[in-house]
Amino acid sequence: MSLYRYIISRLIQALPTLLGIIILMFILVRVLPGDPARLIAGLEASEEDVERIRELLGLNKPLYLQFIDYFTSLLRGDLGKSIKFGTPVINEIMARFPYTVQLAIVSELFAVLIGIPLGIISAIKPYSKTGYISTVVSLIGSSMPIYWLGLMLIALFSVQLKILPSHGAETPKHIILPALTLATLLMGNIVRITKASMIEAMESNHVITARSKGLSERVVILRHGLRNAMIPIVTIMGIQLGSLLGGAILTETVFAWPGIGLLLVDSIFYRDYPLIQGIIIFFATIFILLNIIVDILYAYIDPRIRETLWMKEQRL
Amino acid sequence: MDERTKVIIERLQEARKTQMLLMWARFKANIGALIGLILLSGIILMAILEPILPLEDPLAFNLGKSLEPPSLSCLFGRDEIGRDILSRVVNGAKYSLGIAFLSVVLGSSIGLVLGLISGYYGGWIDNIIQRVTDVLLSFPTLLLSIALVSVLGVGLTNIILSVGISTIPVYIRLTRSLVLQVKSEEYVTAAQVIGKSSPYIIIRHILPNVLSPVIVQSTYYMGLTILIAAGLGFLGLGVQPPTPEWGAMIGAGRTYIFSSPHVVTFPGLFIFITALSFNLIGDGLRDALDPRVRVLIKKVKI
């Protein structure tokens, strides 16, 4: 199977999942306690007004017709209108999405800048005290309530030291604390993978050759070891982008970072159901696409992985 | 029962005992796991002893002493309306542990049953269950719980339901792959050949073999659900104030981070310690398991 056909088949396989997400969200919103039409009209509105809105939104039609309406407008990229803002949901999402992407990229950058050196250090002497660094970092990553960590960082850097801003997104400095917070979720995996693949790379023949040529340890580690350990590290970075989405909801709330996560939390408080529905479908779609891209990159980078992946796909 | 059968049964029981002892030995050798066990016992003990400890009423406010910093007479200080944070933290332990435990029990039992059915019977039913699992797995766990909470509404039962349901898909996948491993074993074929019914085989021969990995997975999930439930509380979508749930305490206290950071420091520290203890125990249990099974267990994250 060529790479091109592999990509097409992965995308086609994702379609039923996507349809499932849309159906699930449609059902969830329809079983909600409370009448969306009444919600839009407000509590003081007369019964006729509510009925008019119901008609306008098509809420008086049978459920399957409502779904067909909803689905066809989705295909046109129309996610409905936000109750709170009165604007199309897709516009709201697109206005906030760049902020979440920025946060994700800078967090990943921080995680790499801190994680890879720690991984290398713990790989050089895996059974010494420094070898435990990777275990500790990865335990912190899976046990830390990051919203709390974020608040602690604010207390330290914004309140005590007064060197970094705590809320908002006005200047480039504003991204440092939220990105650092989110990076703790990612660092554990990066340190672990770096350690494992460095240990493997350092035992390989070309590193032994490099050593016997009399190259300095530094050159051996960085040029011959790390370079060969990069593939798994890059892969794990891609896979993690998905788990960033969950963490972003919490981090954005702590730092009032105006991304999609904050928008989601706000829309839940306003009971802005079209917006909630739109954001969750958007999030899940991004998550699926990211997974596909990672699989494709995987296959592209390493021919050995390519073989097994494609065989697996055919088996499923 | 003749003499020979008795001997065989005895030997089998002995073998099982040795296996358990081996697992315990491997677990004990893991310092991290022991630390986790000690930390967790401390938290559980705290939750149990709470009614008899000489603490203030966690809900009693005292506006004259609001935001009092930690001191010897008041170890963790007081919150915005003068409630004693120490007694609130101690009182909150049962919420965190209880929510996590009940949602894991809910998620694992539903996931286990669906996974057993999916893996053992295969065919169309397997197909349907797996496609639904695909859909659920395309949400990060936290997002799925938020989506469910936004529909079900806040409150203790709804939190447990939402968090529990969002853990189901991973359990289905885990159980299914374990069943597929066990299904081809000779004793299962033998039971099928002598005409035992499928439910009998599932319960008698397959379930015991998939249970330990599911338990290990649950240990990790205890850590995660504590973080998620507290996260929901922090966002205002979980247990509601004035209940001293740790996440809700952080959510309510975050406004005071500029003047009185102690209000959020202690609840957060306890969330961290509790989640950490489960992750440490999980690591220990996982390493004590059979390596063939170990790879199937997913380390879970928000």
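## Fold of chain A

Read along its sequence, chain A of this predicted model follows the pattern α-α-α-α-α-α-α-α-α-α-α-α-α, which amounts to 13 helices and 0 strands. Of the 316 residues in chain A, 37% count as buried. Among the contacts of chain A that join residues at least 6 apart in sequence, 71% link residues at least 24 apart.

## Confidence in the two chains

The predictor assigns the complex an ipTM of 0.87 and a pTM of 0.87. Chain B has a mean pLDDT of 88, with 100% of its residues at 70 or more; within chain B, confidence is highest in helix α3 (residues 85–121), at a mean of 94, and lowest in helix α11 (residues 291–294), at 74.

Chain A averages a pLDDT of 82, and 88% of its residues score at least 70. Among the elements of chain A, α7(A) has the highest mean, 92, while helix α13 (residues 303–315) has the lowest, 48. Over residues 309–316 of chain A the pLDDT is below 50, and this stretch has 6 contacts in the model beyond near neighbours in sequence. Where pLDDT is low, predicted coordinates should not be read in detail.

## The interface between the chains

The two chains meet through 36 residues of chain A, which are in contact with 36 residues of chain B. On the side of chain A that touches chain B, at least two residues each come from α1 (3–30), α6 (133–143), α7 (146–160), α10 (217–255), α11 (260–269) and α12 (273–301) of chain A. The largest share of that side, 8 residues, is supplied by α10(A). By class, the side of chain A that touches chain B is made of 27 nonpolar and 9 polar residues, with no charged residues.

## The nonpolar core

The largest nonpolar core has 147 residues, and those with the most contacts inside it are A:Ile279, A:Ile280, B:Leu143, B:Ala229 and B:Ile271. Helix α8 (residues 198–235) of chain B gives the most to this core, namely 17 residues.

Helix α1(A) has 28 residues and reaches 41 Å from its first C-alpha to its last, close to the 40 Å expected at 1.5 Å a residue. Even so, α1(A) bends by about 25 degrees at A:Leu15, and a proline, A:Pro16, follows within four residues. Further along α1(A), A:Thr17, A:Ile21, A:Leu24 and A:Met25 are buried.

Helix α11(A) is mostly covered, with 8 of its 10 residues buried. The buried residues of α11(A) are A:Ile260, A:Gly261, A:Leu262, A:Leu263, A:Leu264, A:Val265, A:Ser267 and A:Ile268.

## Backbone details

Most residues other than glycine have a negative phi, and most peptide bonds are trans. A few places in this model depart from that pattern and may deserve a look in the structure.

A:Lys162, although not a glycine, has a positive phi of about 50 degrees; A:Lys162 is found in the loop between α7 and α8 (176–202) of chain A. A:Lys162 counts as exposed because 8 other C-beta atoms lie within 10 Å, and the cut-off for exposed is 12 or fewer. A:Ala256 is partly exposed, with 13 C-beta neighbours inside 10 Å.

In chain B, a cis peptide bond joins B:Pro241 and B:Pro242, with omega about 10 degrees. B:Pro242 is found in the loop between α8 and α9 (246–253) of chain B.

## A residue in helix α5 of chain A

A:Asn91 lies in helix α5 (residues 89–124) of chain A and counts as partly exposed, with 13 C-beta neighbours inside 10 Å. The C-alpha atoms of A:Asn91 and A:Lys81, which are 10 residues apart along the chain, are separated by 9.3 Å.

Methods: Residues are numbered from 1 along each chain as its sequence is written. Chains are lettered from A and ligands numbered from 1 in the order in which they are written. This is a predicted model: local features need pLDDT of at least 70, side-chain atom pairs count only at pLDDT 80 or more; totals for chains, interfaces and linings use all residues. pLDDT is the predictor's confidence in each residue, from 0 to 100. Two residues are in contact if their C-beta atoms, placed from the backbone, lie within 7 Å. Ala, Val, Leu, Ile, Met, Phe, Trp, Tyr, Cys and Pro count as nonpolar, Asp, Glu, Lys and Arg as charged, and the others, Gly among them, as polar. The expected span of a helix is 1.5 Å times one less than its number of residues. The bend at a residue is the angle between axes fitted to the seven residues ending there and the seven starting there. A residue is buried if 20 or more other C-beta atoms lie within 10 Å of its own, exposed if 12 or fewer, and partly exposed in between; C-beta atoms are placed from the backbone. A nonpolar core is a set of buried Ala, Val, Leu, Ile, Met, Phe, Trp, Tyr and Cys residues joined through C-beta atoms within 7 Å.
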